[in-house]
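This briefing sets out computed features of one protein model, grouped by topic. Please consult the sequence and the structure shown here alongside the text.

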Amino acid sequence: ILLLNDTLCGEYEAQDIVVLSKETFENGDPIVKRVIATEGQTVDIDFNIGVVYVDGKALDEPYTREPTWTPEGVAFPLTVPENHIFVLGDNRNRSSDSRHIDLGPIDERMVIGKAVLLAVPGKTAESDVRDWSRIGLID
């Protein structure tokens, strides 16, 4: 992943892919997640049907591997605090993200940068195969 550091990337917006680190989460190792909502927006997830809502509108999420079935301890609906973002992994049911009680909404100071280019895709959880169609610029 090619990154723009936090001083060059500007404001965070929904759909941005970010790399972040929180010292008390995952041993402080960097994690890669997608921004779903920014400060002041309200996130809700219907885990029965697997749909994520931002400000009452269901998100169209063709990038996810499957609907969002697994809660991780954060209570919804949740309004994203000032200077924070709410992030989810694209592999929702195998992702530790803002749903996790130990992570929650992300203070923007924890963001290392925005991803702008994917050079080598990761392997899927279901197989040992890389999805090469995902390489290139990240919109």
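Which residue lies over the face of Tyr63, and at what distance from the ring centre? Arg34 lies there, at 3.6 Å from the ring centre; a charge sits over a ring if NZ of Lys or CZ of Arg is within 6 Å of the ring centre and within 35 degrees of the ring normal. The model is predicted, and local features need pLDDT of at least 70, side-chain atom pairs count only at pLDDT 80 or more, and totals for chains, interfaces and linings use all residues. Residues are numbered from 1 along each chain as its sequence is written, and side-chain values use heavy atoms, with hydrogens and water left out.

**Overall architecture**

- The protein chain has 11 strands and 0 helices, where helices (H or I, at least four residues) and strands (E, at least two) are DSSP runs numbered from the N terminus.
- Of the 139 residues in the protein chain, 39% are buried (buried means under 20% relative accessible area, exposed over 50%, partly exposed in between, with a 1.4 Å probe and protein chains only).
- The accessible surface of the protein chain comes to about 7,800 Å², and carbon and sulfur atoms account for 50% of that surface (Shrake-Rupley method, 1.4 Å probe; for residues, only the protein chains shown count as cover).
- Among contacts between residues at least 6 apart in sequence, 57% join residues at least 24 apart; contact means heavy atoms within 4.5 Å.

**Aromatic pairs**

- The structure holds 2 aromatic pairs (rings of Phe, Tyr and Trp, the last by its six-membered ring, pair if their centres lie within 6.5 Å; planes under 30 degrees apart count as stacked, over 60 as edge-to-face and the rest as tilted).
- The ring centres of Phe76 and Phe86 are 5.9 Å apart and the planes stand at 80°, so this pair is edge-to-face.
- Because Phe76 lies in the loop between strand E6 (57-58) and strand E7 (78-79) and Phe86 in strand E8 (residues 84-88), the pair ties together parts that are 10 residues apart in sequence.
- Phe76 counts as buried at 19% relative accessibility, and Phe86 is buried at 0%.
- One aromatic cluster is formed by Phe47, Phe76 and Phe86.

- Asp16 is located in the loop between strand E1 (2-5) and strand E2 (17-20).
- With a relative accessible area of 14%, Asp16 is buried.
- A polar atom of the Asp16 side chain lies 2.8 Å from the backbone nitrogen of Glu13.
- Leaving aside neighbours within four places in sequence, Asp16 is in contact with Glu11, Lys33, Arg34, Val35 and Lys114.

Definitions and conventions
Polar contact = N/O pair within 3.5 Å; in protein donor to acceptor, adjacent residues only side chain to side chain.
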